[in-house]
Amino acid sequence: MKILIIEDDERIADALVEDLTDQKYVVELASDGQLGWELADALVYDLILLDVMLPKLDGFNVCKRLRSKGCQTPILMLTARDTVSDRVLGLDAGADDYLVKPFNLEELSARIRALLRRGNTTLPPILEWSDLQLNPSTCEVFYASQLLSLSPKEYQLLELFLRNGTRVFSRTQIIDQLWTFDEPPEESTVKVHIRSLRQKLKSVGAPEDLIETVYGLGYRLKPLS
């Protein structure tokens, strides 16, 4: 899952990036409203964390612009402005939730998970595919009750597949989903991560082709019989 943080307070931004990265999210950071608007308008994110008091373009206007262009990405506003009128302004601008600074990181994480579930109401809290289970709340993955030890990118790959059923992802699409705008790897890197993930799944008894190659197109979860 890919999150855009639009926050100009360096201390808060660093804490958010560290905490969300630890939770296996792919995190992009914009330090002013104009850059945040440009990234959100050009790229696809699963959720946007949006400060209100920003240089160049404030959070209310960023939110209004995105909604006016038809952007449906969940937006969680973060602000020190805690009056009722400020909350109303944020929600009327199109925000899905509003959290006042200073905030607890655990509460923020819970709100993020709730917004992500709301964005895809067909998904259960625990993602399952046959004997494979992934719990986004704890970042744990099990196959037939055996815990898997995955790298962050392996976890993100598996979550991407589980959230999208049998959809086929090309290497370019995987890079767009799982790497930030300023650090895209070579396509061969995706192949390396896929191979490593397959080996770890096989080590706990999963079929070799649980993640199958659709030749000429990309990768997907093998359809359940």
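**Cores and sheet**

In the largest nonpolar core, which has 31 residues, those that touch the most other members are Leu132, Leu158, Phe161, Ile174 and Ile211. By a nonpolar core I mean a set of buried Ala, Val, Leu, Ile, Met, Phe, Trp, Tyr and Cys residues joined through side-chain atoms within 4.5 Å, where buried is under 20% relative accessible area, with a 1.4 Å probe and protein chains only. This is a predicted model, in which local features need pLDDT of at least 70 and side-chain atom pairs count only at pLDDT 80 or more, while totals for chains, interfaces and linings use all residues. Residues are numbered from 1 along each chain as its sequence is written, and side-chain values use heavy atoms, with hydrogens and water left out.

To this core α6 gives the most, with six residues; helices are DSSP runs of H or I with at least four residues, strands runs of E with at least two, numbered from the N terminus. Ile174, leaving aside residues up to four places away in sequence, touches Leu157, Leu160, Phe161, Phe169, Trp179, Val190 and Tyr219, contact being heavy atoms within 4.5 Å. Apart from this core lies another, of 23 residues, including Ile6, Ile48, Leu54 and Leu57.

Strand β4 (residues 75-79) runs parallel to β5 and is joined to it by four bridges, with Leu78 opposite Leu99 in β5.

Terms used. Pairing = 2+ DSSP bridges. Buried < 20%, exposed > 50% of the residue type's maximum accessible area, 1.4 Å probe, protein only.
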